Amino acid sequence: MKHLKTWLAAAALAALATGAHADVTIGVSVPLTGPTSALGIPSKNGISLWPSTIAGEKLNVIVLDDATDPTVGVKNARRFVTEDKVDLIVGSAATPIAIAMSDVAAEAQTVQLALSPIPLPEGKGAWTFRLPQSTAVMSIPIVEHWKKTGVKTFGFVGYADAYGEAWLKDITALATAAGIKSVGVERFARADTSITGQALKLVGANPDAILIAASGSGAAMPHKGLVERGYPKGKIYQTHGAATLDLIRVGGKDVEGSFVSSGPALVAPKLPDSNPSKALGVRFIEQYEKAFGPKSANQFGAHAFDAAIVLEKIIPMALKKARPGTKEFRAALKEALETAGRIPVSQGVLNYTATDHFGFTPDTGVLLKVTNGDWEVVK
Amino acid sequence: MTSSRWFLLAFAAALALLPQLPVPEFWVTQLNYIGLYALVVIGLVLLTGIAGLTSFGQAAFVGIGAYSSAWLTLNLGLSPWLAVFGGLALTALAALLLGWITLRMSGHYLPLATIAWCLSLYYLFGNLEALGRYDGLLGIAPLSVFGLPLNTGRSFFYLLWALVMLAALAATQLLDSRSGRALRALKGGSTMPEAMGIDTFRAKVTVFVLAALLAGMSGWLFAHFQRSVNPSPFGLKMGIEYLFMAVIGGVGQVWGALAGAAVVKLLEDQLQVLLPRLLGGSGSYEVIVFGVLLVGVLQYARDGLWAAVVARLPRRARRRDWADAAPLPEAARPPHGELVLDVHSVRKEFGGLVAVNDVSFQVRAGEIVGLIGPNGAGKSTTFNLVSGVLPLTRGEVRLRGERIDGLPSRGIARRGVSRTFQHVKMVPEMTVLENVALGAHRRGRRGVLPAMLRLERDEERRLLREAERQLQRVGMADRLDELAGNLALGPQRLMEIARALSADPSLLLLDEPAAGLRHQEKRALAGVLRQLRAEGLSILLVEHDMDLVMDVSDRIVVMEFGTQLMQGTPAEVQASAAVRAAYLGTEH
Amino acid sequence: MDLSIAGILLLDGATSGAVYALLALALVLVFAVTRVIFIPQGEFVAYGALTLAMLQMGKLPGTVWLLAVLAVLATLRDAFAAVRAGQPAGRIARDAARSLAGPAVVALLALWAAPRQLPLVLQSLLALAIVTPLGPLVYRLAYRPLADAPVLVLLIVSVGVHFALTGLGLLFFGAEGFRNPSFWDERFRAGPLVLSGQALIIFLVSAALIVGLGLFFGRTLRGKALRATAVNRLGARLMGISTDGAGRWSMGLAAFIGALSGLLIGPTTTMFYDTGFLIGLKGFVAAIFGGLASYPGAAAGALFVGWLESFGSFWASAYKEVIVFTMILPVLLWRSVTHGQTDDE
């Protein structure tokens, strides 16, 4: 107990001591544990690829785990703005947490770069900017393909959480506008061992296409479940959360010939040279795989990597107006984001405005097809 | 003013001062969360530490409180001060329903049920459209006092900690009262409290709802502090953490709740920051450390932190303020010789085994009847049949003309029958005086609410006076403030008798009262019994000590193998060859 | 819903039920001998599957490190206790060596074999060999000092162990899931019903375990002796039954069944580091069904839960979890009432 007190005192002092320097201080809160750790850990990996200085200012990055718990996320955010006096908050990668943090960011008038395309009610989110593409933008390549291939009805099976909810809303809206009807909606949990009941019901409704809204290796199980029920692989579509090699690794031959919506980062080498994101994407994949192993690159690492690109654009702009650690600097960062114009990143092209904090242009998404265990871009 | 009162005042003063000092905002936030957790843990201390009902699911009640208040303020525009009543009402309703199902379960089924409904409610929260599913509800208004919104940590701090202190005080005051004694008796099983006239099921539901209300209130505060709610803080993990806080702080101590909440919260936070810095890599370390710590605490410090603190503080004796309290009203004793207990052909079968075989006897007012027989004769079983602990297979038991067989033991207790037990059943953590006062439970009537508000002091003094009187009668008046668990077996038995007497019975059932007593104590006991008989009490006595039985009994009933062998005066029994054969065997 | 759909759902429910039954059996086993409600059983399942997955990828599984560390800790603790008790140094050294020998051999074997991509069967055996000794080690470190504590304290200890093992699981295996290759790729068809060979193996193993464990604990002297340790520890020791040995043995068997279950389940679903908990919880519901005492009862409970899940996910997939966990309550109530009016333990 004696030592514990010493540790506690030391930690308290350390916590107090941070944050009064001229460095640019950035607070990052991502889920490193809990059910969405598959989103948080790659995000943290992406952050570790950030440069150590931008425009001559040292980057002081504080990374905290929010354990997939919005309460912890809010605590982290409060700690960032009061204790560490950060200039900018990054996080979280899980939707409910990022939503909860947005209130704290708005109150403290600090920019939040959310790693999840969170929906916020009207009037809120003045200080929140999303780094990932919105599900609406990611729905576009899928619905376009459906229109092209004459799909008239579709079925949906997705996570019973914020991710699945967002996808259901956006894909239904876009599809209905294109005259495509929804004939079945099923939900499941990542921890489920099978979706036989849901698959039976959905396949029984015989839709022309089925969309699976899941992420990472968790997207493989429903895919295999549908295939087992006899549904043709070529009619199954996955969301961008599943655009990782983990899907192919776990799904095996059952995902061959299926489609996945994705940002451009993962298939950067296959993009045409004219694509503004190609060079950045190639650089991302190179750096990420060098640090974390071959075939490890994924969407979430790319978004975190893109944050650095955005920072490299806006920090110099803000430095012209104020010093780091001041309220003016934080306001200047917000202004810079809204006026910077087009920022090419590995995942597309960002163009934030005062009214649009989602940023990505509608032609950002690409449709990929799983071919021979790798991605192929569908034209 | 006692030292603990001083300490309490100092603590409250420190809390009141804290937000005004230049303490970093971070620590104010920490203390706020500690306060929110402490509210829930106080309820858990009452539920698990005192009443012995382990609950892993308190987090679900926090959720009900938080969501209802959030929904009411967002959708109906109610002020949070009104919404809290809605929230608490809903929490109480849910607690009544869940308690009704859960509290009928015994042993380890109960905590398993709490896990089940905690998970069930968590998934329900996450799936209801009206509650925002997994995104939850946002933009909840802060609480405001006289128009001032409590939207900063410091301003919220006052309200929160005022409520925490009130809750802790109320809980402490509850425990030191008639209802509190009833709750503390629950842990050792329901046989003894029922025999004292306490409705144990009702008591369990009461403490369950109380704990739920505290959790619900914490939820209400949480919703208006964080200003957004979603399902994650109301899941099983948090439920387990609350229990962890209670265990670390000392699950039987109300103030331990605060200590436990503080230690766990601070530790968790520091681990979250420290360990990744020390060890690098992804931060699942604090979960591992938590798990290991939990096991460690249970292995080495099971009574928790606060118990260690309390053990070092001098225990103060209770202030004797009841000397001038009015005596409790006593029921009129039946006239000497009237038939008090009529046991008619009672039979008890356990499957194929006949434990009590059509036994009949009577006890009259002002009479001591002894029930003897070799071991296994069925004496204690007969006792349990008479006092309602076991149901009869056949036969009748009448108390002053009224049939009492088939009544639950507390119904029989309320009709003036009081008993002691073959294996002493008491509450070891309470003092001797408090244990004896437990016997007088049905002679009081002030319940939980007056106890928490300290409005029942008059009745309490009367009850304690009665308890002291009975202790004087059995010769233990000098040991009022000793912990009952520290007594030797002999004084424990005397204490049990004093407790039985506190109930003002007309019939006293004593199950081997002299077992473990020394010779002088037995003589004193015999004197007490004779005195009671002179006052008109009827006594049914099971004993093995022949000297005592033959000395005090007016009549003796002898049983062997469940059957009544003979009845008669001590002289007749001693002369009977059948009795001698039963005890010593026949000659060959 | 027509007959073929009902048939498919019944089969699917039965298949999940067989998985839950494997866990339920181990839980009943541990409870019957040690009175521990072994919540971490699910973690052994996950460890088994994921250790094999790591070996399949040619990496050294983190569980090997855990095995080594736990073995050292347990040996040290026992050695300290022996020194304090004044035992002769030779005996202490011998006991320590014996305690370390098994885990050391397995660890070295794993170190050698991991990069070598041995055939599936050998790798599976290695995974079993790595995970099974974790059972007795967990018993020695976490439960043995509290062997006489009431069931509730042991339950809380189980929760602590579960936290620790889950956190370690994330550390060892990462956040992504794995799917192992199956042992038997055949598929058997009967009309619309499809039974995979893997599922058939699971059924057979479950059935064999139910029968085997039921016979062992019900009919053999050794089995009854082990049950006696749960009823009255002191009495059992006076009869010459080693309660410590009983505890280690039962948890070792539970870890073995858990790891085996993980190997069997691994090919049928994606295993994450935290998959074990939810499967374990449902297996636990099934065990409660059997009153934590009866193996056929636990199996029946597992089928019930499996079917509840199957039909629930067909009818109202979003509320499936709510249905399953709410249905436990009447089962618990029923069980508690029929279990008898035991006052306290």
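Visitor: What percentage of the 588 residues in chain B do buried residues make up?
Guide: This is a predicted model, and burial here means a relative accessible area under 20%. Chain B holds 23 helices and 14 strands, and its C-alpha atoms fill a box of roughly 90 × 55 × 50 Å along the principal axes. Of the 588 residues in chain B, the buried share is 60%.

Visitor: How much of the accessible surface of chain B belongs to carbon and sulfur atoms?
Guide: The accessible surface of chain B comes to about 22,700 Å². The part of that surface belonging to carbon and sulfur atoms is 59%.

Visitor: Which domain of chain B is assigned residues 427-504?
Guide: The domain assignment of chain B gives residues 3-310 to domain 1, while domain 2 is written in two pieces, 334-416 and 505-588. The stretch 427-504 is assigned to domain 3.

Visitor: How much area do domain 2 of chain B and domain 3 of chain B bury between them?
Guide: The C-alpha centres of these two domains of chain B lie 26 Å apart, and their contact takes 19 residues from domain 2 and 13 residues from domain 3. Carbon and sulfur atoms account for 67% of the area buried between domain 2 and domain 3 of chain B, and that area is about 1,200 Å².

Visitor: Which side chain meets R473(B) in a salt bridge?
Guide: Between domain 2 of chain B and domain 3 of chain B, the count is one salt bridge. In chain B, the side chain of R473(B) comes to 2.4 Å, N to O, from its salt-bridge partner, E535(B).

Visitor: Is D478(B) buried or exposed?
Guide: D478(B) lies in the loop between α18 (457-474) and α19 (489-502) of chain B. Its C-alpha is 9.7 Å from that of E468(B), a residue 10 places away in sequence. Because the relative accessible area of D478(B) is 66%, and the cut-off is over 50%, D478(B) counts as exposed.

Visitor: Why is helix α14 of chain B described as largely enclosed by the rest of the structure?
Guide: Helix α14 of chain B covers residues 379-386, and among its buried residues are K379(B), F383(B) and V386(B). Just after this helix, G388(B) takes a positive phi of about 85°.

Visitor: How much accessible area do W71(B), L76(B), L78(B), L82(B) and F85(B) have together?
Guide: These five residues form a nonpolar patch on the surface. One of them, L78(B), lies in the loop between α3 (58-75) and α4 (80-102) of chain B, and with 30% relative accessibility L78(B) counts as partly exposed. The accessible area of the patch is about 500 Å².

Visitor: How much area is buried between chain C and chain B?
Guide: The size of an interface is often given as the accessible area lost when the parts come together. The contact takes 50 residues from chain C and 42 residues from chain B, and across this interface the rule finds zero salt bridges. Carbon and sulfur atoms give 75% of the area buried between chain C and chain B, which is about 3,900 Å².

Visitor: Which side chain of chain B meets E107(A) in a salt bridge?
Guide: Chain B and chain A bury about 3,000 Å² between them, and in chain B the residues F26(B), D135(B) and L138(B) lose the most area to chain A. Across this interface the rule finds one salt bridge. At 3.5 Å, N to O, the side chain that meets E107(A) is that of R227(B).

Visitor: What is the relative accessible area of H240(A)?
Guide: H240(A) is found in the loop between β10 (236-238) and α9 (245-251) of chain A. Residues that H240(A) touches include Y163(A), W167(A) and Q299(A). H240(A) is buried, and its relative accessible area is 6%.

How values were computed
Residues numbered from 1 in each chain as written. Chains lettered and ligands numbered in written order. Predicted model: local features only at pLDDT ≥ 70, side-chain atom pairs only at ≥ 80, totals over all residues. Heavy atoms only, no water. Patch = residues over 30% accessible without salt bridge, like charges linked within 9 Å, V, L, I, M, F, W, Y side chains within 5 Å. Areas by Shrake-Rupley, 256 points an atom, 1.4 Å probe, with all protein chains shown as cover. Salt bridge = Lys/Arg side-chain N within 4 Å of Asp/Glu carboxyl O. Helix = DSSP H or I, 4+ residues; strand = E, 2+ residues; numbered from the N terminus. Buried < 20%, exposed > 50% of the residue type's maximum accessible area, 1.4 Å probe, protein only. Domains from an automatic or database assignment. Contact = heavy atoms within 4.5 Å. Buried area = accessible area lost by both parts, 1.4 Å probe. Lists of a residue's contacts leave out its neighbours within four places in sequence.
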